[in-house]
There are 2 protein chains.
Amino acid sequence: MADRQSTPDAATAPCGRCLRARHVSVDTLREAVAYLRHDSQVCRSEGFAAQTRLQLDYGQTTIVATLQTVTGDWLELDEIGLSEAAMQALDVAEGDWVRVHHMPPLESFRHVRGRMYGEPFTHDALTEVVGDIAAGRYSSIHISSFLTACTGNRLSDDEIVSLTQAMVATGKTLTWRADKVMDKHSVGGLPGNRTTPIVVAIVTAQGLVMPKTSSRAITSPAGTADAMATLAPVDLSADEMRRVVEDVGGCVVFGGAANLSPADDILIQVERPLELDSEAQMIASILSKKLAVGATHVLIDIPVGPTTKIRSDHASTLFSERLRTIARALGLDVVTYVCQGNEPVGRGIGPSLEARDVLAVLQNRARAPKDLMAKSVEVAGRILEAGGKALPGEGAQVARRVLISGLAWQQFQRICEAQGGMLEPVVGRHSKPITARHAGVVTTVDNRHLSRVAKLAGAPLATRAGVVFESPIGTVVGAGQPLFTIYAESPGELEYAFEYANRFPDIVCVRA
Amino acid sequence: MADRQSTPDAATAPCGRCLRARHVSVDTLREAVAYLRHDSQVCRSEGFAAQTRLQLDYGQTTIVATLQTVTGDWLELDEIGLSEAAMQALDVAEGDWVRVHHMPPLESFRHVRGRMYGEPFTHDALTEVVGDIAAGRYSSIHISSFLTACTGNRLSDDEIVSLTQAMVATGKTLTWRADKVMDKHSVGGLPGNRTTPIVVAIVTAQGLVMPKTSSRAITSPAGTADAMATLAPVDLSADEMRRVVEDVGGCVVFGGAANLSPADDILIQVERPLELDSEAQMIASILSKKLAVGATHVLIDIPVGPTTKIRSDHASTLFSERLRTIARALGLDVVTYVCQGNEPVGRGIGPSLEARDVLAVLQNRARAPKDLMAKSVEVAGRILEAGGKALPGEGAQVARRVLISGLAWQQFQRICEAQGGMLEPVVGRHSKPITARHAGVVTTVDNRHLSRVAKLAGAPLATRAGVVFESPIGTVVGAGQPLFTIYAESPGELEYAFEYANRFPDIVCVRA
């Protein structure tokens, strides 16, 4: 198959390596997948086979995709099937001509191979590697190898600094007019921990700038962005976010749309199934997001407990010190806040139910969860101290006053309006309690199973679904008294979650 | 959705997690992929999302598959699409009910995480890890991480011994009545090197047992099994292979069907894109295949050159020593044969063309490539010495006599008949020479481009296609004289390869 025409414009001039795009409605997450007939001319002559990495060109756009070959006739010989991710990345329409090549050699991977043999990464090497990762040139197995080579306390502080800078450079960097730009991050592992909207309201009510980006749930029943999305729009572009923050001083938005340190998002998707808690990656991940958002002062919340990422006081001390050292080298001022993490914070688990807790605290309702209020005030207080809005040791008092006075609630409403209009979180119409089988005292709570019940009820996709937890450790309960209540949007989902909860009677353990 | 029936038999009793199998004709190589509607009950309630690892049960068979979610209606809500690999592994028919779960946690991966932090693998740890890999429980990214953790000269000899044994244990092990069972392996990187059929014929003509398994091409224009397949059937089961070897003393078959050290095949598919030449993996890979095939004495052919795996004499000495030490611990007698590897061996590149070279040597034809004959005789001679059929230093003379006398050719015909009947290799009907543009001396040959021309002409799928190389380094050529000739099965493929060859005039470089 010689070129039928010699001009290289794939969009208008079919050639031996040009194929018609066809949308294949398969979600492969972020991985671009291309489908070709195994008996097509291009597969035979180029030696393309399943798992070959292809370069696809359309107009000025070039992406890398993984090939899966197709037998049978659901695809024509001159068609190339493209997964959701590939269609989007290439920005192509059905029927457009896409040009196919072997992917050029992945030159930067030599640095990863070198690292396996103990050769430290230079700043330039990490810039090359991370740039290729952000451009989609590393397959998941290349990324896995890179992450593994970085694990085992092998990266020096200098390498982590370079890694962080390389990650920041792959995306947008926001800048603000304020001298001090505040941010917070929780190292994670604690369900429910929905302090962020409250903290942002308190801190910005005192005149500090806090452009907060949050994540959506991936394995949990709700992320901060999922809960916030029931109170106001959160899918803001970087420009919209800038307008909101310039207007009211702060925001709580979904970070995924703003293109901040996109390499981090890619790395995390491979770290998760490997369950790698590489300290180097964790530090680079946290700090790159904060630098990209333009923060100058960051509070890192480190819950320590049996189910959290950092499991001992000793480990938290070492981690805090290293984090601060590296942050300093990057020009970031980091305060760490180490706290106990044995129980969920707040009562609701699921987007709307968590949002309801947030509102109860901001509105000073009697039923507001005390633990959520206390933790929010502590965290906000330290940020006020770091931002010069309270004397050392007095931040929590100031924060409490801002909350009790209603100033935080007023400010939160302003933020929601600026993000597109305040919404009323609605909880599921269908609910059913799980009750104590006998009288006694609550001794333990199985957070993992509790989260699972909320997910079976539909959270986070069904935003009104989830669980309200009504029996913290130490609660004295009578037989038949509710331990927790399941909420769902449909009777079917309610039954499904209810049956599961009944199969595990010790999710909340009551000692007689 | 609760179970509609309480018996757990997925084939007859649909349940909330049971879905109808539907064949999706996509080749994902060995990776089992399952397709589910993202809006199906099971995805929503179980929290399955793209890239979730699923356990699929059908009857007594359980496999692990990677999920890709589907939008639109090409799949019904109660259907599960299965890739080729998944259909085969599960041995399921369209419409059968398949039960879906979250994959249980990958316990053995904790050993890999430990290894990243410098904790040596125990024998039991490697048995667990490699067993899970062979069972398909490791995704490609887990395998990549394992391979990376093993690279950088980190594995001790003891760990490599355990790794090899664990790999052997994942598949079949053949046993033979003979005391000595011979085998050979080439460390690779040299095109054309088709000595194996000749060596097996010589060695078994002298009464030694040599059950040789070979591979098919993956990135090259032909593997030994591809070339041999044009001379006799090669897709023999382990039982058929046993019958052939008991009958005529040897064979040259495709190893993929015999289930020998299957973990090795899985590891190699991830090593290849990573281009990891981990010495530990290479040694374990070679030796596990040899132990599984029941060999007692093995010659390892180590070509040293700029494009081969081992690139210096010093490296080959170190590698040889380590290989022999580890082989000894495994009860295998290994002889290494280090040779120069700067040029292809033989003339043909492509299955039939290489087979023709093999026949020319065995039949003592005048046009037989001298280099192929010389190398075959050297290698066979050393195996004869190791097997006690020649005195040390006299093996090559014995081998040459067996070849010249026609005994090797007779024995080769016997082997082909036993494998299912001798075939005549046929070369492509369409051919075209690439000629010298001016008179001069051939100074260099670009093996990589030469292989590519053969592949563009259709090799190895088109078995009759390829290249005959007619101008070794040092050849004096006149203007217009052929440097190499391209063979193809169709005029289109011939043109495609010819145009490519003309675009790179220095594939064979002629200095005036």
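Student: How many residues of chain B are in contact with residues of chain A?
Tutor: Keep in mind that this is a predicted model. Contact here means heavy atoms within 4.5 Å. On chain A, 54 residues take part, and the number in contact with them from chain B is 53.

Student: What area do chain B and chain A bury between them?
Tutor: The size of an interface is often given as the accessible area lost when the parts come together. Carbon and sulfur atoms carry 50% of the buried area here. B:Met116, B:Ile141 and B:Tyr496 supply 14% of what chain B buries against chain A, more than any other three residues. For chain B and chain A, the buried area comes to about 4700 Å².

Student: How many residue pairs are in polar contact across the interface of chain B and chain A?
Tutor: Salt bridges between chain B and chain A number zero. Polar contacts are found, though, and with both residues at pLDDT 80 or more the count of pairs is 22.

Student: Which element gives the most to the side of chain B that touches chain A?
Tutor: Several elements of chain B each supply at least two residues to that side, including helix H3 (109-116) and helix H18 (491-503). The top contribution is seven residues, and it comes from H5(B).

Student: Is H10(A) roughly parallel or roughly perpendicular to H5(B)?
Tutor: The axes of H10 of chain A and H5 of chain B lie 10 Å apart, at an angle of about 80°. Angles of 65 to 115 degrees count as roughly perpendicular. Therefore H10(A) is, relative to H5(B), roughly perpendicular.

Technical notes: Residues are numbered from 1 along each chain as its sequence is written. Chains are lettered from A and ligands numbered from 1 in the order in which they are written. This is a predicted model: local features need pLDDT of at least 70, side-chain atom pairs count only at pLDDT 80 or more; totals for chains, interfaces and linings use all residues. Side-chain values use heavy atoms; hydrogens and water are left out. Axes are lines fitted to C-alpha atoms, for helices over the stretch in contact, and angles run from 0 to 180 degrees between N-to-C directions. Helices (H or I, at least four residues) and strands (E, at least two) are DSSP runs, numbered from the N terminus. Angles under 35 degrees count as roughly parallel, over 145 as roughly antiparallel, 65 to 115 as roughly perpendicular and the rest as oblique. Buried area is the accessible area (1.4 Å probe) that two parts lose on being put together, summed over both. A salt bridge is a side-chain nitrogen of Lys or Arg within 4 Å of a carboxyl oxygen of Asp or Glu. A polar contact is a pair of N or O atoms within 3.5 Å; within protein, one must be able to donate a hydrogen and the other to accept it, and residues adjacent in sequence count only if both atoms are side-chain atoms.
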